[in-house]
Amino acid sequence: APAPPPTRHLFSDPAEVEALRGNLLAWYDRCKRDLPWRALAATELDADRRGYAVWVSEIMLQQTQVATVIDYYNRWMQKWPTLQALAQASLEEVNELWAGLGYYSRGKRLQEAARKVVSELAGQMPRTAEDLQKVLPGVGRYTAGAIASISYGQATGVVDGNVIRVLCRLRCIGADSSSPAVIDQLWDMANVLVDRSRPGDFNQALMELGATVCVPKAPLCGECPVKQHCQAWRRKLFGNAPKVPDVEDCGVGDCPLCPPATEPWDSSLGVTNFPRKAAKKPLRVMRTATCVLERRGCHGAPEYLIVQRPSSGLLAGLWEFPSLPLAQDLQEEREREELADHLQAWMGRPVAAKGLRFIGEVIHIFSHIHQTYVVYSLPLDGDVTLDPALSPSRWVTEDEFHASAVSTAMKKV
Ligand code: SF4
């Protein structure tokens with residue numbers, strides 16, 4: 001078998017960088033997905049409106065699939081087509097539109113930042129990645145780079161989950177990809193690679209490649225426009241790396257970017273040897289009792305009580321059925337009694353634990369929590385007066401419930 005090529009972690013050959021840019025951009029021009037924020041960024045002539053359109057899409061796309069975002073994005077831009085319109089919206093309206101998209105603080109911070117741009121910067125978005133990150137709440141290094149490169153043509157790289165995967169494969173980076181040392185290297189690489197004349201397209205192309213070709217489990221290497229620059233692909237073809245790597249390209253022995261000696265290249269995994277991450281922390285396990293209180297509304301249709309969560313913390317400001325976090329390992333009878341006591345405080349009248357009807361359990365995974373909702377229902381006769389000193393609450397029909405700012409977890413309940 002021919003000798004495998006040495007591992008080259010960095011992009012130090014200008015001719016290779018140029019070729020990679022050209023191949024990637026040509027592929028992007030042919031194959032890019034038709035997405036509403038791309039259409040807006042390409043046709044909007046006003047720089048602030050363009051920046052706003054990209055910013056909204058980038059915030060929505062954090063931790064969320066493109067297919068889910070499209071509908072939310074279109075509704076958002078229809079309702080608040082400019083920063084000025086968003087700055088005038090209420091938080092309740094923002095939460096209502098965001099309901100179901102998850103990570104709710106994103107919407108809230110987007111609106112706070114829009115207000116800041118309007119009131120403190122006369123409606124003009126900062127034009128560079130550095131200023132965007134410095135000035136706008138909720139805008140981190142990635143989002144700032146994306147807005148600046150796509151909207152304003154700044155030649156600055158971006159690193160998100162897709163880019164991490166692509167770059168780690170292109171350069172056989174097998175050290176923990178969430179470690180600060182590796183992340184710094186990846187940012188340096190992204191800044192070296194970014195095309196100087198089409199930075200926004202280049203960054204989107206790199207992300208698009210990660211989303212559609214260089215996917216996590218079964219990458220389509222045969223169709224990849226940059227496979228000739230990919231070290232992981234070459235290693236897959238040629239087998240193991242040479243025992244003595246090229247000193248210029250890879251620090252021999254304790255290379256901070258190679259896979260650790262304890263977890264060497266596994267030929268059965270091929271290119272999916274990269275990237276590697278430290279093991280995830282286990283999810284926090286939580287159990288919450290929740291009660292669907294039901295009454296007959298004025299036209300005889302059923303209505304349900306929802307209450308508002310506190311304005312900070314998980315699902316801040318969203319509405320839910322009255323709920324109570326439970327200690328782990330409580331007996332079912334005890335859970336019921338605690339929920340009854342909680343409801344009693346709400347309604348200012350006795351609630352019999354036996355009157356609570358057990359409906360079932362709903363499991364919902366938040367980013368760091370494995371939540372089980374133990375669901376009960378309680379039909380009520382006559383009018384109920386709720387203690388106004390407790391959280392805001394209101395009665396809603398089923399349709400009103402779905403139009404309210406409620407989480408996906410509550411919709412499952
Ligand atoms: Fe990813 Fe395969 Fe392309 Fe390498 S050749 S960048 S592993 S899709």
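Select R394 and E92 to begin: their side chains meet in a salt bridge, 3.9 Å from N to O. The term denotes a side-chain nitrogen of Lys or Arg within 4 Å of a carboxyl oxygen of Asp or Glu. R394 lies in strand β7 (residues 393–396) and E92 in helix α6, so the pair ties together parts that are 302 residues apart in sequence. Helices (H or I, at least four residues) and strands (E, at least two) are DSSP runs, numbered from the N terminus. R394 is partly exposed, with a relative accessible area of 26%, and E92 is also partly exposed, at 24%. Here buried means under 20% relative accessible area, exposed over 50%, and partly exposed in between (1.4 Å probe, protein chains only).

The model is predicted; local features need pLDDT of at least 70, side-chain atom pairs count only at pLDDT 80 or more, and totals for chains, interfaces and linings use all residues. Residues are numbered from 1 along each chain as its sequence is written, and side-chain values use heavy atoms, with hydrogens and water left out.

**Further salt bridges**

Next, select E93 and K79, which form a salt bridge with the closest N and O atoms 4.0 Å apart. E93 belongs to helix α6 (residues 91–98) and K79 to helix α4 (residues 66–79), so this pair ties together parts that are 14 residues apart in sequence. Both ends are partly exposed: E93 has a relative accessible area of 31%, and K79 one of 41%.

Move to E303 and R295, whose closest N and O atoms are 2.9 Å apart in a salt bridge. E303 counts as buried at 12% relative accessibility, and R295 is buried at 18%. Then select D29, R198 and D201, which are linked in a network of salt bridges. The structure holds 20 salt bridges.

**A strand residue and a surface patch**

Select S377 in strand β6 (residues 369–379). S377 is buried, with a relative accessible area of 11%. Leaving aside residues up to four places away in sequence, S377 touches C291, V292, G355, L356, R357 and I359; contact means heavy atoms within 4.5 Å.

Now select L283, in the loop between α13 (231–238) and β1 (284–296). L283 counts as partly exposed, at 36% relative accessibility. Together with I363 and I365, L283 forms a nonpolar patch on the surface, with about 250 Å² of accessible area in total. Patches are made of residues with over 30% relative accessible area and no salt bridge; like charges are joined within 9 Å, and nonpolar side chains (Val, Leu, Ile, Met, Phe, Trp, Tyr) within 5 Å. Accessible areas come from the Shrake-Rupley method with a 1.4 Å probe; for residues, only the protein chains shown count as cover.

**The largest cavity**

Select R169, C214, C221, C224 and C230, which lie nearest the centre of the largest cavity among its 13 lining residues. On a 1 Å grid over the protein atoms alone, a cavity is a set of points where a 1.4 Å probe fits but cannot get out, and lining residues have an atom within 4 Å of a point. Helix α10 (residues 161–170) gives the most to this lining, with three residues.

**The whole chain**

Buried residues make up 48% of the 413 residues.

Key: On a 1 Å grid over the protein atoms alone, a cavity is a set of points where a 1.4 Å probe fits but cannot get out, and a pocket is an open set with protein on both sides within 12 Å along at least five of seven lines; lining residues have an atom within 4 Å of a point.
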